[in-house]
Amino acid sequence: MKTNSKLFIYTCCGVIFFISFIGMLMYGYKTFYIETKSEPHKTYKYHFALIAEESDNDYWQLIKRGAKEAAKQNDIYIEYVAPEKADNEKMLKLLDRMISANVDGIVVQGIKGERFVNLVHKATEKGIPIITIDTDVKSSERKVYVGTDNFLAGKLAGQALLKNTTGEQYVGIVTGRFDALNQRERIAGFKQTIAGNDRIHIVDTKESNITVVGASQATYSLLKQYPKITALFGTSSLDGVGIIDGLEEIAPNKNLYIVAFDLLQETLNLIKEGKVDVTIAQYPEEMGSKAVSIMIKLQDNDILENRQYTGTKIIEKKDLLPDQAGDAK
């Protein structure tokens, strides 16, 4: 009797297990198997890499957009890679990785130092043309530089300050990164323009790390340390917005002359509101598009003009169209 009971129990368990097993085979695969769609392989003329300073930075996203659009029009595959936060060491590793991947061409922000020069040489030996964008390294074997004349951009900032202010001016500079060549060139151009003018004095320079918060903190620090500051110059795209944030925190009623950089919508809105006096415009979408067009030409021939500057100019409130500022909600 006991034997029959055990047999019955074992049989029931076996049936339940069998049914469960069949059910798992029929439905359980949907839980553990990730379906992949088989798409036709797309063939491109060339595979380029765009190595940016910082992945989600608004300025670099505009460069990416220009590059992607030009690539799409010319049947090019362009791979966008960048550190999450600005980091020269990580950028150099990405450059090395793209060289090892044997892409057809690399567009990269120039980085000061021997390692960058050596990596460009490595790419050249492998027949991979390098274009520097946004920041140049003239000592490298890069084929072409595409971007702003950063020294000229700094000169324009100095000219705006000289033209639009009177009397003694004590200037604080907020810069993206001390080790960024483009930032240093902008400051150098600014200093050359105001050199010899006895009424303009640079009191100090602080680093923003290319963030709004960093620029705000740099501004707070400058004004706390040097209350006599009468003007501020931000040399990277987010500095203008951060300068206003910092100013409103420490000295909301202080009237300073503010020079910002780039045409980000937030900066244009601040010009419209009268909080920023001028910004130095550069055109990142044009940079991205032009870099891809030149890289296509480099697949067959060298470019004679190895510095291809994109536009830069002073933008004031009177230069803005109604749809360029003041519409943000």
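Rings of Phe, Tyr and Trp (its six-membered ring) pair if their centres lie within 6.5 Å; planes under 30 degrees apart count as stacked, over 60 as edge-to-face and the rest as tilted. By this rule there are five aromatic pairs. In one of them, the ring centres of Y44 and Y77 lie 5.5 Å apart with the planes at 40°, so this pair is tilted. The pair links distant parts of the chain, 33 residues apart: Y44 is in the loop between helix 1 (2-32) and strand 1 (46-51), and Y77 is in strand 2 (residues 76-81). Helices (H or I, at least four residues) and strands (E, at least two) are DSSP runs, numbered from the N terminus. Y44 has 38% relative accessibility and counts as partly exposed. Y77 is partly exposed too, at 36%. Here buried means under 20% relative accessible area, exposed over 50%, and partly exposed in between (1.4 Å probe, protein chains only).

This is a predicted model: local features need pLDDT of at least 70, side-chain atom pairs count only at pLDDT 80 or more, and totals for chains, interfaces and linings use all residues. Residues are numbered from 1 along each chain as its sequence is written, and side-chain values use heavy atoms, with hydrogens and water left out.

Now the chain as a whole. The protein chain has ten helices and twelve strands. Of its 329 residues, 45% are buried. Contact means heavy atoms within 4.5 Å. Among contacts with a separation of 6 or more, 74% join residues 24 or more positions apart.

Next, helix packing. Two packed helices are described by the angle between their axes and the distance between the axes. Axes are lines fitted to C-alpha atoms, for helices over the stretch in contact, and angles run from 0 to 180 degrees between N-to-C directions. Helix 2 (residues 58-73) and helix 10 cross at roughly 40°, and their axes come within 7 Å. Helix 2 is therefore oblique to helix 10. Angles under 35 degrees count as roughly parallel, over 145 as roughly antiparallel, 65 to 115 as roughly perpendicular and the rest as oblique. The contact residues of helix 2 with helix 10 divide into nine nonpolar, three polar and two charged. Ala, Val, Leu, Ile, Met, Phe, Trp, Tyr, Cys and Pro count as nonpolar, Asp, Glu, Lys and Arg as charged, and the others, Gly among them, as polar.

Helix 5 (residues 150-164) packs on helix 6 (residues 181-194) at about 40°, with the axes 6 Å apart. These two helices are therefore oblique to each other. Their crossing is right-handed. The contact residues divide into eight nonpolar, eight polar and three charged.

T148 lies in the loop between strand 5 (144-147) and helix 5. At 1% relative accessibility, T148 is buried. Beyond four places in sequence, the contacts of T148 include A153, Q282, M287 and Y309.

Helix 9 (residues 265-272) has T267, L268, N269, L270 and I271 as its buried residues. Their cover includes helix 8 (239-250), strand 9 (257-261), strand 10 (278-282) and strand 12 (312-316). G274 follows helix 9, with a positive phi near 85°.

N306 sits in the loop between helix 10 (284-298) and strand 11 (307-309). At 33% relative accessibility, N306 is partly exposed. Beyond four places in sequence, N306 contacts R142, K143, V144 and Y145. The C-alpha atoms of N306 and Y145 are 6.1 Å apart, across 161 residues of chain.

Methods. Left-handed = near helix turned anticlockwise from the far one by under 90°.
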